[in-house]
Amino acid sequence: MPWGFFHKTEHPGRRFCKHDHLTNNVDIQNGLSSSEPSLHFVTKIHGRSYLCSVQNRNDNSLLVLTDITWEKESEERRKEFFDGASHELKTPLTSIKGFNELISLQSKDPVVERYSQLIAKETDRMISLVQDMLSLSELERREKKNVPAIPFRPIAEEVKEELTPLAKKRGIRIEIQGQANLPIEREDAHSLLKNLWENAIRYNHEGGYAKVTLSQGQIFVSDNGIGIPYQDQDHIFERFYRVDKSRSRQDGGTGLGLSIVKHIAMLYGANVKVKSTLGVGSTFVVTFPNQRIKTSK
Ligand code: ADP
């Protein structure tokens with residue numbers, strides 16, 4: 001098939017010429033022979049990273065190469081920093097928590113006791129934050145997986161048991177409906193569901209519900225809570241993005257839960273979508289591959 005290419009770079013990179021034999025690259029070969037009209041992928045050529053966009057029209061193809069080596073390297077450095085900082089923070093925080101418990105046990109002074117409670121609350125919040133940062137770093141290092149489907153209902157029952165005390169405290173009814181076999185590892189399934197379900201309980205009103213519905217290939221987590229403004233719905237999966245920062249912080253939220261959910265889903269080729277109306281409620285839908293059917297509440 002006749003094809004041509006266009007090479008864009010904002011940083012000093014390498015210019016290509018016909019001697020570079022771009023079609024020897026397997027990713028490019030596949031892209032040019034694909035029946036898809038438009039494709040985007042990242043590949044390495046001569047040790048540099050390129051974002052490749054292929055447009056296949058009739059019998060002609062256009063390949064656009066954008067040198068993203070610099071962006072990839074700075075992303076890598078950012079991840080290393082995130083990972084290193086989280087590890088370094090973990091040990092001192094655990095010590096502060098321990099010493100604070102000792103102070104609280106030994107002091108009879110109510111003022112000291114009051115301050116000690118505040119320190120305990122803040123250290124717990126920071127420990128959760130560091131744990132979420134470490135989970136996210138670990139997820140980013142993992143490769144995409146194809147695993148056999150496992151029964152999801154028992155995992156949902158386990159998460160329900162863990163969330164029952166919180167739901168009782170907030171006056172929220174929690175329930176599970178349906179069955180599903182889903183291609184995901186147990187621990188990831190647990191973490192994905194717990195993050196979504198806990199949000200459905202936390203961003204809710206007393207007397208509300210937070211419901212999990214399982215159907216083949218899909219998990220629905222719905223609530224009749226506070227809802228999410230339309231303009232925020234595209235951003236809530238970004239790290240540290242919160243609609244109401246003070247509410248989330250006061251509640252012990254880290255702002256990383258939905259990023260963790262998105263990363264877990266991506267590892268198994270699944271996607272996560274949200275449908276929400278402010279003041280009415282939200283439904284999060286996780287759809288596994290080959291099961292992408294229309295979402296409903
Ligand atoms: P957080 O720790 O703040 O809950 P998340 O990443 O889990 O962080 O969620 C990001 C933000 O998305 C939350 O701060 C909240 O504003 C919003 N959000 C998530 N789930 C819901 C929900 N079920 N109902 C309303 N808002 C939600």
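The model is predicted: local features need pLDDT of at least 70 and side-chain atom pairs count only at pLDDT 80 or more, while totals for chains, interfaces and linings use all residues. Residues are numbered from 1 along each chain as its sequence is written.

**Domains**
- The protein is divided into domain 1 (3–67), domain 2 (70–141) and domain 3 (150–292), with bounds that come from an automatic or database domain assignment.
- Taken over C-alpha atoms, the centres of domain 1 and domain 3 are separated by 39 Å.

**Helix H1**
- In helix H1 (residues 26–33), the buried residues are Ile28, Gly31 and Leu32; a residue is buried if 20 or more other C-beta atoms lie within 10 Å of its own, exposed if 12 or fewer, and partly exposed in between, with C-beta atoms placed from the backbone.
- Seen down the axis of H1, these buried residues fall within an arc of 95°, so they line one face of the helix; the arc is that of the directions from the helix axis to the C-beta atoms.
- Val26, Gln29 and Ser33 are exposed residues on the face of H1 turned away from its buried side.

**Ser53**
- Ser53 lies in strand S3 (residues 48–57) and is partly exposed, with 17 other C-beta atoms within 10 Å.
- Not counting residues up to four places away in sequence, Ser53 touches His40 and Val64, contact being C-beta atoms, placed from the backbone, within 7 Å.
- From Ser53 to Arg249 there are 196 residues in sequence and 41 Å in space, C-alpha to C-alpha.

**Positive phi outside glycine**
- His46, in the loop between strand S2 (38–45) and S3, has a positive phi near 50°.
- His46 is exposed, having 10 other C-beta atoms within 10 Å.
- Phe240, in the loop between strand S9 (218–223) and helix H6 (245–250), has a positive phi near 65°.
- Phe240 counts as exposed because 11 C-beta neighbours lie inside 10 Å.

Methods: Helix = DSSP H or I, 4+ residues; strand = E, 2+ residues; numbered from the N terminus. Contact = placed C-beta atoms within 7 Å.
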